Amino acid sequence: MQGLRWVSSIGTLAVATAAGATNSVVWQAIPGTPPPAGAPGAPSGPVQGAPDPRWDVLRKLLRASQFGAAEQVARAVVKDRPDDLRAAFYLGLVLHKEKRHGEALPLLERAAAADDAAFPESPHAPHYLGWCRYSLGDLAGARAAFTEHANAFPNYDDTHFALGLIAYEEDRLPEAEASFRRALELLGEQQGAAKERAKNLARLGDVMLREDRLAEAELCYRRAVELFEQHGEAWSKLARVLDRLGRSEDAAEARARQAAIRARSEGEGTK
Amino acid sequence: MMRDSRIFATVVASGFAVSCTAIAQAPARPVAAPTIRFEDVTAGSGLSAVMTSGTLPSTQILEVKGGGLALIDFDGDGDMDIFMPNGATLADPEHGPGARLFENMGGMHFRDVSAAMGARPTRWCFGCAVGDYDGDGRDDVYVCCHGPDILLRNLGGGRFEDVTAKAGLGDPGWSTSAGFADLDGDGDLDLFVVNYLDFDPAHPPAPAAFKGIPVMAGPRGLPARADLLYENRGDGTFRDASESAGIRQGIPGFGLNLAIVDFDGDRRPDILVGNDSEPNVLFVNRSVSGGSLRFEERGMVSGVATNIDGAAQATMGIAIGDVDGNGFPDVFTTNFSSDTNTLHLNLDGTFFDDRTAQFGVGAPSRPLLGWATAFADLDHDGAEDLVVFNGHVYPQATKVSMDSDYEQAPLVMRRAGGRFEVVKDPGPGLLGAHRDRTAVFGDLDGDGDVDIVVGELNGPLRLLRNTHDRADDWVTVRLKGPAGGLGHGMGAVVELASAKEPARVLARRWVWAGGPFQSTACTDLSFGAPPEWGPLVATVRWPARRDGGAVVSSPAEVRRGAVAEIAYPQARAPQR
């Protein structure tokens, strides 16, 4: 398995091959977390400090999206091992998953500054650092972190997705398109990657829409909702492009789909 | 107070009058790179008032919106005075410290004339709208309240009369913002009132949670309150036309702000309502000449209801400007933290497109919770810049806990080519973290640049002076509308163009109702006019009227360093 590495994205954790090859395994069970010990592609290397059974507990909780419980464990580890970069990484990761990027940021900055060999997940710390910076509005910092990660792991689809988002926000549309297309290429046609592909297609459609390539935008959005029917954003975007194309009945139908998805998710947030 | 340092000249051409008010004393300065710089001149200005809004730390949603502000020339002397409705406290919502009125004495000095107002609201007030609803030549004020709203008729001499009941107004709900505009073209000002939600201070809802932290509840989970449209009968009274005009289409939203402006170029004012956490609504004016008020709701279809992802946003502040120069008013809105402010380009009068990313106005706003905002050419380089005042609603907010601090500095963005860039040092007046909510933008000292009054939650008003101070790179246009209540040309658009190429519009401003946040956009239109633009002309496109009045005035020469007063044409001008 030499050359394999683990990669993660918001919803799916994938394992991809090294530079030059496409990813071959998509690990669906773990949302945005490192793989458990022994999983294909799990990194190996020297671990700072003595082995701690709480790492496995943390990973399990993350895999189960039990972020509150994971936070408690991570905080306990950090309290016991305040200088442990791996502990800082995990607490930063948990806080990032809880959308508390401001608190996660210094932890992930510490982890990302560490040597690649400092702890097993160290090479991927820049990826999460990139998301934190992006969420806090620091596009330049996010770009730097994701670029560092992409240089180390050029086949990591979610990093290319992130670089596409940043390029879009910086109005570098050809670069955004290339990044989304690269992410889609890496995701391929794999089973289990549908949601990730839909996410990239919806953003690729945004690039098309910005460039008034309405027919191409429609295709992107349509493919996105075909791949992931619950993609409310994509339904909304499809409705918008259909309105622009003068197909108001089709647009209304797409908008109704988005409204239904929105209605189901109402009440999940406070604001 | 009338400034005495100006020279007036009147020109009559093509059936309309232009009065140029020149600044005689300000010398031209050497040309330097455009900069944006403000200083806080509150101390010693006489503008001394605290904007009450509950107590700190806020515990209920009623306390966190803050109040509004208005620029109003209440004494008709040609400069902008300041009105602050003011709030109250949960302990006694009906009896706060009371509204405040400050007379502009010139030179950034103000005199507190609140005590002489006569009718002076003490109820918990929010936004306000300014307009001459009875057509007597004096600007009146509509005050949005938690509890019955209040209409203050300007009697002259700084005195006001509460004519709410007489006018048929006084909806008892919680309203946040309002705007006056002639929506049916009959020559008087109708009124649109934005309502928020039903909230009983005696029975506050249970706390909610944000990012895992217990916080005050709302707006989600509380009952939204429908907006109101009042038709001016022309006799000093209003008729509730909400139902018949189609304003009640769809479900009510948590309304916070509005913009009444002609979005589709048909010379009829349309109404955009910014809803908190719900899609915005766009009421497109379908009223026909001689008929009754009629609107079609097209928020979703137009694309302005949500951001690019189809997500409803908080939509506190609204700014209107022609960002892409296509002649249609674009919409900038300010939003919650961990979201972005949003710029919707008006593509063609029918469709809007979220171009937040294209213009770079999204990412810098992510850690901020935005309120009052405005486009204004602060450095007079010819392109409108952007200011947003910020502050979180949750006292618990910190960068660590909520990715956003409770007190936040203003966000100042300068237009640089095709993007807006954050101005890191906009001067001491725009640095420093506050709990800002409302603001009004206008030339308060008569030097041609846009100054700002800011209202902070339970904090003192701040008077921010633009230090640009040049006499040769600006034009202000003041419209004198047709008789009746349209004195400020509400609904008109002014185009500034090169005198050599009148068809090539260099800048465009709308006289619109609504405003930065719970406040009133200034009706004096400030243009930066860099010398390289050469001689300039202004063209006014007036709103449509039932009587078939003129629509477009002929280009009128305007001078730099002067206020150009452009009157409604006496004779029919050629229509375009």
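Me: How many helices and strands does the secondary structure of chain A come to?
Reply: Happy to start there, with the note that this is a predicted model. Chain A has 271 residues, of which 54% are buried. Its secondary structure comes to 12 helices and 3 strands.

Me: Is helix α4 of chain A roughly parallel or roughly antiparallel to helix α5?
Reply: Good one to work through. Helix α4(A), residues 101–113, packs with helix α5(A), residues 125–135, at about 150 degrees, and their axes are 9 Å apart. Because angles over 145 degrees count this way, α4(A) is, relative to α5(A), roughly antiparallel.

Me: How do the residues of the contact of α4(A) with α5(A) divide into nonpolar, polar and charged?
Reply: The crossing of these two helices is left-handed. Contributors from α4(A) include A:Leu105, A:Leu108 and A:Glu109, while those from α5(A) include A:Tyr128, A:Leu129 and A:Ser135. By class, the residues of the contact come to 10 nonpolar, 2 polar and 1 charged.

Me: How many residues of α11(A) are buried?
Reply: Helix α11(A) runs over residues 232–244 and reaches 19 Å from first C-alpha to last, close to the 18 Å expected. The helix is mostly covered, and its buried residues number 13 of 13.

Me: Which residue just after α11(A) takes a positive phi?
Reply: Look just past the end of that helix, where the phi is about 85 degrees. The residue is A:Gly246.

Terms used:
Residues are numbered from 1 along each chain as its sequence is written. Chains are lettered from A and ligands numbered from 1 in the order in which they are written. This is a predicted model: local features need pLDDT of at least 70, side-chain atom pairs count only at pLDDT 80 or more; totals for chains, interfaces and linings use all residues. Helices (H or I, at least four residues) and strands (E, at least two) are DSSP runs, numbered from the N terminus. A residue is buried if 20 or more other C-beta atoms lie within 10 Å of its own, exposed if 12 or fewer, and partly exposed in between; C-beta atoms are placed from the backbone. The expected span of a helix is 1.5 Å times one less than its number of residues. Axes are lines fitted to C-alpha atoms, for helices over the stretch in contact, and angles run from 0 to 180 degrees between N-to-C directions. Angles under 35 degrees count as roughly parallel, over 145 as roughly antiparallel, 65 to 115 as roughly perpendicular and the rest as oblique. A crossing is left-handed if the near helix is turned anticlockwise from the far one by less than a right angle, and right-handed if clockwise. Two residues are in contact if their C-beta atoms, placed from the backbone, lie within 7 Å. Ala, Val, Leu, Ile, Met, Phe, Trp, Tyr, Cys and Pro count as nonpolar, Asp, Glu, Lys and Arg as charged, and the others, Gly among them, as polar.
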